[in-house]
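These are my notebook entries on one structure, kept in the order in which I looked things up. I began with the chain as a whole and then went to its strands, a helix and some backbone details.

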Amino acid sequence: MCGFVGIWGSTDGLGDTRRIVSTLRHRGPDDRGEWSADHLWVGHCRLSVIDLSPRARQPMVTEQGTYALAFNGTIYNYKELREELLDRGITFKSESDTEVLLHTLITWGEAGLEKLRGMFAFAFYDTIKQELLLVVDRLGVKPLYFANVKDSWIFASELRAILSTDLVKPAVNQDALIEYLLTQTVAPPGTLINDVNCVPPGHLLRISPSGSELRCWWSLEGFSQQKTDISRKAAISRLRELLEESIRLRLIADVPVGAFLSGGIDSSTVVGLMSRVSTTPPRTFSVAFGEKFFDESRYSRSVASRFKTDHEEIQLTADYVLERLPEALNAFDHPSGDGVNTFMISQAVSEKGLKVALSGLGGDELFGGYPGFGRIRRLRRLKSFRPVIAPLLRTLSGKLHDLGNTPWEVIPLYHLTRQVWSPHDIRNMGFSDVDSRAESVDEVTADTMAFVSYLELTHYTHDVLLRDTDQMSMAHGLEVRVPFLDPETVKFVLALPASLKSSPRTPKKLLVEAVSDLLPQEILRRPKQGFVLPFETWMKGPLTGFCEESLKVLEGIGGFDVGAVQNIWQDFLKGGDPTWSRLWTLVALSRWAINIGAVG
């Protein structure tokens, strides 16, 4: 896992390139390199995971200097691809997946993307064609940002690296700001910064003297509309095979691989399968918190004991978290109302000497673990009664009021479940022209569960969870791998009928059945409980002053009526609306804007 930054075109005014590369040092503390040719300059910081030798240094360039690659990620099937390339007469100078990716692209061009299994974002340059290719993996696990400024294209693993070139001003995009308030994120290809975009999942951006093209090379959309005719027994067996294969692939590394273990079904499944496919006991890490309501440690201990893992429990105290909170907020490359938890555990795991950890991220979105799946299905069944129910809902407040104004179709209902601030709330903060989030994907005839999973994976999972995981783990030079989001597993599960995946009494029924022989019953039957720190108590206590000062800063971002925001804050302190999590999105936004210099 690494970070890279580059510029194609005019490099006038670029300044000190070492300073620019150093903005990504946290992503790759083990090595760094720079390369330039024609009108291209690329800098790279490396986290050494596969082939730790200098032979794997990046940017990686062929002997004649014809092709160059800057790569962030891991190609899990690189050994198989290497054998295929050896059969074609290709010789290698390293044992790295980077060199395999380089020759895959040289040999097969864009068609080689279909051969890759992994998480990746890379820049590939062909000096003969003078063509730059920027590519992101199928589900967008790894980020890649770009900006077209005057005669130059700037690209990087982080927004901050693009801003460090001083070729792009850190000005907040006002339309994107409204989207952030609605959803706590900005959907690709947009970002919160004017003139800066990101390459969406499964897309590539081709840049050459003749122009540029952003196109999709892989999409989930079709898989959510398919149906597989398969028995329950066969589906359970096949899912188990796919999950074990996914875990096995993600254990490939030349450094130890650990796992986050909360004691929930998803992380416990990852650890249980690691114990089956690995020759050594998994190394696991969990977080324990002093307040019993927030603590899940007894469940993680149970799983660790069952699989005899090398387990470490990281004790978090309020003082510890509060002391490191400013550092966590400073780690946001793009703001979010979440991510602090990931920052804390990633820091602790990194301090134990690990560079790679597996996560259960994606299990809820793929297998229907959120309450929203059931709510949307129920509302769809009640659609014929909407003319009677909707007027009653409009007399209420909050999301129930918004539900009365929302068409009871999957897309608008989904976005309502993921809505943070309502359009009414945002107008009260000083913004005009606020509409609910638009959606370009057409309503489809697939079963509701598959379509909601598709929306979860392409929206909340990518735009919030994966972005948060990347920026908060890489702040500590930790590579997080997500086996539930293996494309082969995702394709298989999406195409299964809802009757195999859902049950009113058993959340994530298919997954539970696939690992019922593996996990303790107390894990399989426990109610869902995410790891949430007691932010509400802190925001009304030791963080009160910090939050108040942060909210005042919003005036400098533009659009906000700070007086209205302060009224909302006072309502919160008095025990009314809004919830702490909604207000925290504003605090995170203000700290991010300060850090990147976007406050006027």
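Entry 1, the whole chain. For accessible areas I used the Shrake-Rupley method with a 1.4 Å probe, and for residues only the protein chains shown count as cover. On that basis the accessible surface of the protein chain comes to about 23,500 Å², and carbon and sulfur atoms hold 49% of it. I note that this is a predicted model, in which local features need pLDDT of at least 70 and side-chain atom pairs count only at pLDDT 80 or more, whereas totals for chains, interfaces and linings use all residues. Residues are numbered from 1 along each chain as its sequence is written, and side-chain values use heavy atoms, with hydrogens and water left out.

Along its principal axes the C-alpha trace spans about 70 × 60 × 50 Å. Taking contact to mean heavy atoms within 4.5 Å, I found that residues 24 or more positions apart account for 72% of the contacts with a separation of 6 or more.

Burial came next, where buried means under 20% relative accessible area, exposed over 50%, and partly exposed in between (1.4 Å probe, protein chains only). Of the 600 residues, 61% count as buried. I took helices (H or I, at least four residues) and strands (E, at least two) as DSSP runs, numbered from the N terminus, and the protein chain has 25 helices and 17 strands.

Entry 2, a sheet. Two strands pair if DSSP finds at least two bridges between them. I traced an open sheet of 6 strands with antiparallel pairing, in the order S2-S3-S1-S9-S8-S10. Its edge strands are S2 and S10 (196-198), each of which pairs on one side only. Neighbouring strands of this sheet are turned by 15° against each other on average, direction ignored; for such angles, axes are lines fitted to C-alpha atoms, for helices over the stretch in contact, and angles run from 0 to 180 degrees between N-to-C directions.

How many of the residues of S3 (residues 40-46) are buried? The count is 7 of the 7, so S3 is largely enclosed by the rest of the structure. Leu40, Val42, His44 and Arg46 point one way, while Trp41, Gly43 and Cys45 point the other way. S3 runs antiparallel to S1, joined by 7 bridges, and Leu40 is the bridge partner of Trp8. S3 also runs antiparallel to S2 (residues 31-37), again over 7 bridges, with Arg46 as the partner of Asp31. In the hairpin of S2 and S3, with 2 residues between the strands, Asp38 takes a positive phi near 50°.

S9 pairs with S1 (residues 2-9) in the antiparallel sense over 5 bridges, where Trp8 stands opposite Trp153 and Ile7 opposite Ile154. With S8 (residues 145-149) the pairing is antiparallel over 5 bridges, and Ala147 has Ile154 as its partner.

S8 and S9 form a hairpin with 2 residues between them, and Lys150 in the turn has a positive phi of about 55°, although Lys150 is not a glycine. Is Lys150 buried or exposed? I found Lys150 exposed, with a relative accessible area of 80%. Asp166, in the loop between H4 (159-164) and H5, has a positive phi of about 65° and counts as exposed at 60% relative accessibility. A cis peptide bond joins Pro188 and Pro189, with omega about 5°, and Pro189 lies in the loop between H5 (174-183) and S10. The bond from Asp577 to Pro578 is also cis, with omega near 5°.

H6 (residues 232-250) has 19 residues and reaches 27 Å from its first C-alpha to its last, close to the 27 Å expected, the expected span being 1.5 Å times one less than the number of residues. Its buried residues include Ala235, Leu239, Leu242 and Ser246.
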